[in-house]
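Please read these notes with the model open beside you. They go point by point.

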Amino acid sequence: MDHHSDNLIEIKDLKYSRGPRVIFEGMNLVIKRGEITALMGPSGTGKTTLLRLITRQLIPQQGTIYVDGVDISTLSITELYQLRQRFGMLFQNGALLTDLSVFENVAFPLREHTKLTNRLIRHVVLTKLHAVGLRGAADMMPAQLSGGMARRVALARAMVMDPDILIYDEPFVGLDPISMGVIVRLVRRMNDALDITSIIVSHDVEEIASVADRSFLISDGKVAASGSPSELRLAESELVRQFMHGMADGPVAFHFKAPDYAEQLLGRDAE
Amino acid sequence: MKKLIRDMYDTGSEFVRTFGAFQLFFLRLLSHTPRILVTRFDLVVNQVFNSGALSLVIIMISGLFVGGVLGLQGYSNLARFNAEDSIGVFAAFGLVKELGPVITALLFAGRAGTALASEIGLMKATDQLSAMEMMAVNPVSRVLVPRFLGGVIAMPFLAAIFSMIGLFGTHLVAVELLSVDVGAFWQQMQMTVDIDDINEGIFKSIVFGILASHIAVWEGYNAIPTAEGVGRATTRTVVITAIAVLVFDFVITAFML
Amino acid sequence: MRQTRAVEVGTGLFVLLGLGALFFLTTQTTGGDDFSADEIYTIEARFENVGSLRSRAPVAMSGVTIGRVTSVTFDTVALEAVVQFVIDARYDQIPDDSDASILTAGILGSQYIGLQAGGSDMYLEDGSEILFTQSAIVLENLIGKFLVSSGSGDEK
């Protein structure tokens, strides 16, 4: 492990397409150790796909991804699984296993990967649940949880193996302001208290601004802009301005491609 | 015309490709089987319960009535030859060799197969399988293999239970209702039915169990992760299992004759 | 890991029930007439046609199973079928001039050997051969005979 490098994850010249659709081309990105990095962009630019590429659930056509200085395409299956254990991932809808209780969901990675006794597992699980404020919900089933609570449980689960990289895939979607505030606070606290690196994929400009150290705006398959949230807000690029200020029309057009309006309406009538 | 040929070629090659993937998937499931049986037997037990014990009600009720119908039909047909006493033989052969394995397999596909497919499809649609992969847990061995094994183990037992209850059903109808001599009923059966017949039935139910479980798990795993996709996977499970079971039944029966 | 006791018990019961069903099927539906005895002696009989008689078929006398067929083979020299069967040693007073016929159990039944007692004072022993035998009735031959006899009856 290369501790000299500040760059925990490096993406170089990434090219990835799904069928005929090119999703990334010439994508370059660096995620620094210990920081909270945000990946932002309009819907459909493939932010989630990027996460999958980093964890090698998907394989790029071209380009390299380095995690801690190691090219992940050179890893064997075992090494890959070990690498994945360093990541903790919070999925968009929590992705809790529906047939297990909250406690069992958080305990899942421990039971699968470690030989800890039941007592120790109980200790760890309850601690993590306490950190997210849900120790009292340990015996509930996922179906009984609200969206915000489910996401917090998923966070506890993502934390349970003490990963050094935490990935949040759209963690703010569909939450009420209070839950959102809770998650934001947790993200910051976890990152600093546990000395880990966090990656947030989101399009929620406001929330990200309050928590990220560095942001990357992804559009058209590559990085359109990067910098701290305040830097981005003052950016001059039209695309960045449209995104950061939530303007309805701009480089990302309002109108989906369609034939000429007058022709379509009047042409029919004229028949 | 050229387009038609092109379409046929595409469909054909797609079919072959899927078929090949299907076989490879089967090998993949098999490769994990020994390890799962040894290290995670608890998961398998859970699934035997889900596929087997929970199917008991429908299997037993169906078995009873199929046996009863065999009694009625068999009696009226055999009566033409004055051979009512052979109703036991008639029912035993019918149940143990054919109806037991086949009908159980079809019912299994309907009850347990669809449950498996929809459960797995739903787990896929809600990212649970992805989450497992991210947590460095192989979803194939953790989720799919136990369910596959649960079905394979449960099927032969279900078929045997079906046949047994079926014979009781026939007994009830023939002996109690139609006054066939109880001694003749069982005696004739015992003199004619052989352990080989039982074995043939068991063999069939094992093969059908493998088919039904594999198809269900495959459809679930490959379902399109939407509500519609999962629904379709469930339907396909029943249809494809039914066809496969009936085709294999024909082949096996022809072979064994 | 939802390994509740209920699930374990349920599965156990299910498997027991399944095994029970298998046991039931193997014992109650097949060869309940399955013959087993502590001591046996072997008898041989030759037939022109054994029909569908096969080994493990019962050997009965007065309707009671007293033995079992052990082998059905063909003698290429004498050109006839050779059937070997065993009889429970308890029944050691079967006259040696008894005859053995191949009968059918019921319409759909399989074939078995029926012994009809003769009048001799000497009894069958281990290795004896039954000399009076009746082959299995082959339906086609029967029909053939019937046709021939009715045909010749019509001729004037």
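**Notes on chain B and the cores**

1. Start at B:A212. Beyond residues up to four places away in sequence, B:A212 touches B:A105, B:F108, B:A109, B:G113, B:G151, B:M155, B:T241 and B:V245. Two residues are in contact if their C-beta atoms, placed from the backbone, lie within 7 Å.

2. This is a predicted model: local features need pLDDT of at least 70, side-chain atom pairs count only at pLDDT 80 or more, and totals for chains, interfaces and linings use all residues. Residues are numbered from 1 along each chain as its sequence is written, and chains are lettered from A and ligands numbered from 1 in the order in which they are written.

3. The largest nonpolar core has 156 residues, and A:V106 and B:A212 touch the most other members. Helix 6 (residues 139-177) of chain B gives the most to this core, with 21 residues. Such a core is a set of buried Ala, Val, Leu, Ile, Met, Phe, Trp, Tyr and Cys residues joined through C-beta atoms within 7 Å. A residue is buried if 20 or more other C-beta atoms lie within 10 Å of its own, exposed if 12 or fewer, and partly exposed in between; C-beta atoms are placed from the backbone.

4. Chain B has nine helices and zero strands. These are DSSP runs, numbered from the N terminus: helices are H or I, at least four residues, and strands are E, at least two. Buried residues make up 53% of the 257 residues in chain B.

5. In helix 9 of chain B, the buried residues are B:V230, B:A233, B:T234, B:T237, B:V238, B:T241 and B:V245. Their cover includes helix 4 (87-125) and helix 8 (195-221) of chain B.
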